[in-house]
Amino acid sequence: MNNYLKISFGAAVLFLSSCESLNTGGFTLPPQGTGTTGTGSTTIPAGTTGGITQSEANQGVKQALSNGLNESIRVLSLKDGFLGDAAVKILMPEEARKVESALRAVGMGNLCDQFIMSMNRAAETAVKEASSVFVGSLSRMTVTDAFNILLSGQQDAATQFFKRSTTAELTTRFSPIIQSAMGKNNVSTYWNQLTSAYNKLPLGNKIETDLTAYVTQRAIAGLFVKVADQELKIRQNLGGSRNSSILNKVFGWADQQK
């Protein structure tokens with residue numbers, strides 16, 4: 001199955017998951033089996049939630065996350081998804097900025113540009129792997145998580161949830177893909193050329209960087225930048241991003257709680 005479809009498919013299955021009781025942010029759900037609607041889902045009492053159900057809250061949050069994650073992965077995995085976006089573009093490692101400055105000063109800017117492009121191409125290749133990791137994280141999301149995301153007051157609460165629940169697995173998944181992609185994109189070759197050229201200059205100490213770890217970390221950071229952007233669009237309903245009745249209902253209710 002196409003990676004970009006996995007999140008939507010996974011989220012659709014997860015919407016059928018069972019509901020849980022919750023006491024968070026001052027909102028208390030009654031025990032299951034009481035105060036139900038015609039759908040059989042527990043309704044939060046009037047005066048606290050205006051009648052949205054646990055199932056609706058869970059479904060709405062997961063649909064919003066599925067939409068945002070799909071779009072983030074789609075955009076970043078395109079050619080220049082990283083390289084062409086200043087917000088996520090992977091630059092020289094911090095400790096190697098003096099290498100870049102020195103080499104550009106002696107007319108070797110093209111080599112620096114090739115190295116930077118090669119790192120970003122590697123990230124664009126690896127980010128596709130995020131889809132299955134996020135599906136797994138959605139499967140573990142509880143109703144408590146969903147309401148915390150809705151009611152925390154943080155505009156990036158969902159993004160923070162995914163950072164906590166997926167960063168370790170993303171690192172494990174991304175690292176070998178980044179390493180392979182860097183080989184195909186000649187990252188190490190360019191890096192060796194850069195450092196060799198720099199080390200011939202009478203400027204200082206030798207520079208050493210774990211490039212796989214660096215590019216992996218920057219790729220994951222860039223992914224979460226885009227996830228946060230998508231989350232904000234849904235929370236503020238920018239560009240009609242609440243494009244379904246469940247998103248309008250759940251996030252409309254959340255707006256009323258502010």
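How much space lies in the largest cavity? Some notes on that, and on the largest pocket.

1. Ground rules: this is a predicted model, where local features need pLDDT of at least 70, side-chain atom pairs count only at pLDDT 80 or more, and totals for chains, interfaces and linings use all residues. Residues are numbered from 1 along each chain as its sequence is written, and side-chain values use heavy atoms, with hydrogens and water left out.

2. The largest cavity holds about 110 Å³ of space. Searching the whole structure turns up one cavity of 30 Å³ or more. (On a 1 Å grid over the protein atoms alone, a cavity is a set of points where a 1.4 Å probe fits but cannot get out; a pocket is an open set with protein on both sides within 12 Å along at least five of seven lines; lining residues have an atom within 4 Å of a point. Points are joined across faces, edges and corners, and volume is the space filled by probe spheres set on them.)

3. Among the 14 residues lining the largest cavity, Ala-64, Leu-65, Ala-158, Glu-231 and Ile-234 are the closest to its centre. At least two lining residues come from each of α2 (54–77), α7 (157–184) and α9 (211–235) (helices are DSSP runs of H or I, at least four residues, numbered from the N terminus).

4. The largest pocket has about 180 Å³ of space. Its lining counts 13 residues, with Leu-150, Gly-153, Arg-235, Ala-254 and Lys-258 nearest the centre. α6 (143–151) and α10 (245–256) are the elements giving two or more residues to that lining, and α10 gives the most, with three.
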